[in-house]
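Let's take a friendly walk through this structure together. Have the sequence and the model open side by side, and follow along as we go.

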Amino acid sequence: MTMDYQLPHNMQTSPRIWPGARAWAVLGSLLLAVLPMTSHATEEPDYTVIQKLEDIEVREYAAYTVAEVVVAGTADEAGSLAFPILAGYIFGKNKGERKFAMTAPVTQAAEPVKLEMTAPVTQTAAPGGYRVQFVLPKGVTLASAPEPLDARVMLRDVAPSRVAVIRFSGFWSDANYQKHLAALQAALRTAGLLWVGEPVYSRYNAPFTPWFMRRNEIWLHLTTNP
């Protein structure tokens with residue numbers, strides 16, 4: 001199994017232990033205890049690469065279904081906070097006690113703060129939390145997925161979408177996240193492609209995966225055709 005439970009900022013290029021690593025290691029051990037090891041690749045949503053811009057891929061994703069939760073806290077805490085909640089759902093904490101195989105990626109994006117309209121209108125940076133998603137296996141839809149027992153878990157069908165993706169390895173760090181996000185945005189500006197919404201940080205490997213073997217991605221949803 002090659003699943004990474006991601007966070008959106010801290011990708012370190014050395015094997016130094018980062019905050020929360022011990023928690024991830026414990027979660028990873030628990031995951032191995034309840035899931036059988038398999039030799040085949042972890043299932044991902046279907047997509048087609050329709051354009052390449054040096055290290056950037058433009059992908060066309062088919063529809064898929066996710067279990068998601070919005071958690072408060074910083075980017076590097078969101079994955080640790082969300083994982084037990086979402087893992088509980090796929091490991092049987094649902095009506096019917098149905099269990100799912102783990103898929104990839106686990107995605108995370110900032111969740112904007114929503115407030116009632118007032119006057120005057122002002123704008124400042126404020127934490128709204130992070131939306132963390134587990135992709136459900138192919139063939140599982142909003143209509144067929146079992147109802148979560150935890151009210152924090154929401155199910156959603158994700159419509160087909162076109163995203164620009166940059167891939168990199170290493171542990172989570174804000175510096176490397178920002179570096180690769182800037183490279184992705186610069187490539188899209190050069191190509192004349194526009195994006196919308198928050199960047200999505202996607203991780204594919206278990207917490208105990210060595211930094212140099214990790215697959216991390218940043219996705220930007222495109223608003224125009226290449």
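The buried residues of helix H3 pack against strands E1, E2, E7, E8 and E9. Contact here means heavy atoms within 4.5 Å, and buried means under 20% relative accessible area, with exposed over 50% and partly exposed in between (1.4 Å probe, protein chains only). Helices (H or I, at least four residues) and strands (E, at least two) are DSSP runs, numbered from the N terminus. This is a predicted model, in which local features need pLDDT of at least 70 and side-chain atom pairs count only at pLDDT 80 or more, while totals for chains, interfaces and linings use all residues. Residues are numbered from 1 along each chain as its sequence is written, and side-chain values use heavy atoms, with hydrogens and water left out.

Which residues make up the buried set of H3? They are Asn-176, Tyr-177, His-180, Leu-181, Leu-184, Gln-185 and Leu-188. These residues lie on the same side of H3, because they cover an arc of only 165 degrees around the axis; the arc is that of the directions from the helix axis to the C-beta atoms. On the face turned away from that buried side you will find the exposed residues Ala-175, Lys-179, Arg-189 and Thr-190. With 18 residues, H3 reaches 26 Å from its first C-alpha to its last, close to the 26 Å expected at 1.5 Å a residue (the expected span is 1.5 Å times one less than the number of residues). Just after H3, Gly-192 takes a positive phi of about 75 degrees.

Gln-185 deserves a look of its own. This H3 residue has a relative accessible area of 19%, so Gln-185 counts as buried. Leaving aside residues up to four places away in sequence, Gln-185 touches Trp-195 and Leu-220. Trp-195, in turn, stands opposite Leu-222 in E9.

Now for the sheet itself. Its 9 strands form an open sheet with antiparallel pairing, in the order E1-E2-E7-E9-E8-E4-E5-E3-E6; two strands pair if DSSP finds at least two bridges between them. Strand E1 (47-53) and strand E6 (154-158) stand at the edges with a single partner strand each, so one side of each has no neighbour in the sheet. From one strand to the next, the twist averages 30 degrees; axes are lines fitted to C-alpha atoms, for helices over the stretch in contact, and angles run from 0 to 180 degrees between N-to-C directions.

Strand E8 (residues 195-203) is joined to strand E9 (residues 216-222) by 6 bridges, and 4 bridges join E8 to strand E4 (residues 106-110). Helix H2 (residues 75-90) lies across E3, E4, E5, E6 and E8, running at about 40 degrees to E5.

Finally, the aromatic rings. The structure holds 10 aromatic pairs, where rings of Phe, Tyr and Trp (its six-membered ring) pair if their centres lie within 6.5 Å, and planes under 30 degrees apart count as stacked, over 60 as edge-to-face and the rest as tilted. The rings of Tyr-61 and Trp-219 are 5.0 Å apart at their centres with planes at 35 degrees, so this pair is tilted. Tyr-61 and Trp-219 are both buried, and together with Tyr-47 and Tyr-64 they form one aromatic cluster.
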